[in-house]
Structure formats: structure tokens, C-alpha cells
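In these notebook entries I record what I looked up in the structure shown below. I began with one of the pockets and then turned to sheets, helices and the backbone.

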Amino acid sequence: MSAAPLITPPPSGGFVFENVRRNALLERHGLKGPTARKTGTTIAGIVFKDGIVLGADTRATEDTIVADKNCSKIHYIASNIYCCGAGTAADTEMTTQMISSNLELHRLSTGREVRVVTANRLLKQMLFRYQGHIGAALVLGGVDISGPHLYSIYPHGSTNKLPYCTMGSGSLAAMSVFEDRYTQNMEEEDAKQLVKDAIRAGIFNDLGSGTNVDITVIKKDKVDYLRPFEEANIKGVRQGDYSYRRGTTAVLTQEVRPLKLEVIEARVEAMDES
């Protein structure tokens, strides 16, 4: 008599269709099968002559509902490093907070300013560890002893170091602006205007992006967190008057129904504290 194996043998190769049968069973019972989570954002960043400019819109969505019109998507990592987040709002916030805490411990331990490549390594290793289940697509930018650095970080852990990058559902519209107008060694004002126009392109061409444009300018000895940098979608003034005189709409029928209430006597007794 042989004992049952303690370790489950690895599955053999080939496709697995358990989820297909599960979804078909749910549909037969009138339930809706699971769908991919759709998120919306436009975030972008560029390298200019003296540092980094990061930009983001401020719309947070919940399916087809605008959940927050003024959501902050540019997160603090270190005094010289900031990070834009797209994807699931909770994942981007908690991921950047955890890495920010670890980098502060690293700075206190070494007594040195944190490098941007260190933040990039910690973020990509954490996201790769969770195999894409943390929905955080990030644009990381900062200035350290070796100059300005800009990284795009994908939810599965892959990264790119680029002179300009965009992420989110409005990234294609923003990237078209960058590819048309970006040049090396841009001045600060030109870089801020370019990032603003890229985020505006995402706001006006993508339903998942909207409201304002936030911008952060990171230089060697200074950080400007401009929120809002521009109000792209200004709420209009109502033109019509919707107040009508009494009797404008005819009353066809009228009925008064008395409410039948059951009176219940309630008595409150003091609690014995002895």
C-alpha cells in the first residue's frame, strides 16, 4: 500500500480550458462571466535640458462612471524622484508608497541621495514578482548625480529608458504630439508646454482621461509640483432656465392615501453600573 504523494505533480503541457467551461456554466445560470478591467488615464514624461517634466490628467473612472474629477496621479518617490501612475488607482498608490518607504530607508542607511535607477529596479522587481496582477503602469522620472533619467515601467515588470514616453488609454494621442514636436535639449518652458499639449491630446481624444492637467518639473536642486497646471475641461455655465410657474404642467389625477402607522411603545432603562 503506497502513501499518497505530498507534492502535486506538475501539469502536463498543452492548453487548459477550465475557465472556458466555468464561464459557460455561469452564463447558463444567468450570471455574467468575468471581464477584463478597463482603466483610463493619460500620463507622460520628457527629458529636457535641465531635468524632467512629468504630466498627468486628473480623471479617475469606475467602469463608465467618472468616480473622481480631480485625482492626483503624480506620486512622490523621493525628494528628487516622482512617478506617474496609470491603471488601478489603489495599485499605483500603494506600490509607489511602498517603494518610496524602502528608498527612504536606503537613503538613511547609505547617507546618499537615491538614484533613479535604484527606484526603477525596485519597482520592476516588485511588479514582475506579481506577474502583472498589480495593475500599475508607471512613468518614473528624476534627477540624480548622473543627470536626468526617465523610465516607463509596465505592469509585468518590463522597463524602457527613453527621452520621452506616454502610458495609459490616452497614450497614443499624447505620443503623437511628442513625436511631432519633441527635440533634444529643450528649454523648461517649451518642455512644460509640450507635456501640457500631450496631456490635453489625451484628455480630448480619450473618454478615460479628463478634467485638469497636472505637471511636475524636476531639476537638480528644485521640484515644482504644479497642480493644476491647466484646467482643460472647464465646466460650462447653464444657459437655460428650468424653473416653471405653478400650473404649467396639467394635473390629470390626484389621490390622497392615508398612512396606516403602527404605534410601538418604547421604554429605555438605565444600565446597571454597579
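**Entry 1: the second largest pocket.** I looked up which residues line the second largest pocket, and I found His-106, Thr-110, Arg-112, Glu-113, Val-114, Arg-115, Thr-118 and Ile-145. On a 1 Å grid over the protein atoms alone, a pocket is an open set of points where a 1.4 Å probe fits, with protein on both sides within 12 Å along at least five of seven lines, and a lining residue has an atom within 4 Å of a point. I noted that this is a predicted model, in which local features need pLDDT of at least 70 and side-chain atom pairs count only at pLDDT 80 or more, while totals for chains, interfaces and linings use all residues. Residues are numbered from 1 along each chain as its sequence is written, and side-chain values use heavy atoms, with hydrogens and water left out.

The volume of the second largest pocket is about 200 Å³; a volume is the space filled by probe spheres set on the points, which are joined across faces, edges and corners.

**Entry 2: the largest pocket.** For the largest pocket I noted a volume of about 420 Å³. It is lined by 24 residues, of which Lys-38, Thr-39, Thr-61, Gly-87 and Thr-88 are the closest to its centre. Which elements each supply at least two residues of this lining? They are strand E3 (60–62), strand E6 (81–87) and helix H2 (89–110). Helices (H or I, at least four residues) and strands (E, at least two) are DSSP runs, numbered from the N terminus. By class, I recorded six nonpolar, eleven polar and seven charged residues in the lining of the largest pocket.

**Entry 3: the sheet from E5 to E9.** I traced an open sheet of five strands in the order E5-E6-E7-E8-E9, with antiparallel pairing. Two strands pair if DSSP finds at least two bridges between them. Strand E5 (74–78) and strand E9 (159–161) are the edge strands, each pairing on one side only. Neighbouring strands of this sheet are turned by 20° against each other on average, direction ignored; angles run from 0 to 180 degrees between N-to-C directions, and axes are lines fitted to C-alpha atoms, for helices over the stretch in contact.

Strand E8 (residues 147–153) and E9 pair over three bridges in the antiparallel sense, and Ile-153 has Thr-159 in E9 as its bridge partner. I then looked up the helices on this sheet. H2 packs on it, touching E5, E6 and strand E7 (136–144), and the direction of H2 makes about 15° with that of E5. Helix H3 (residues 116–129) also packs on the sheet, where it touches E5, E6, E7, E8 and E9, and its direction makes about 165° with that of E7. Contact means heavy atoms within 4.5 Å.

**Entry 4: the sheet from E10 to E12.** I found another open sheet of five strands, in the order E10-E1-E2-E11-E12, again with antiparallel pairing. Its edge strands are strand E10 (164–167) and strand E12 (222–231), each pairing on one side only. The twist averages 15° from one strand to the next. Six bridges join strand E1 (residues 43–48) to strand E2 (residues 51–57), and Ile-43 stands opposite Ala-56 in E2. H4 packs on the sheet by touching E1 and E10, whereas H5 touches E1, E2, strand E11 (212–219) and E12.

**Entry 5: helices H4 and H5.** At what angle do the axes of helix H4 (residues 171–181) and helix H5 (residues 188–205) cross? They cross at roughly 145° and come within 7 Å. The residues of this contact divide into eight nonpolar, three polar and two charged.

**Entry 6: backbone details.** I noted that most residues other than glycine have a negative phi, and that most peptide bonds are trans. Gln-131 has a positive phi, near 55°, and lies in the loop between H3 and E7. A cis peptide bond joins Arg-227 and Pro-228, with omega about -5°; Pro-228 is found in strand E12.

Technical notes:
Nonpolar A, V, L, I, M, F, W, Y, C, P; charged D, E, K, R; others polar.
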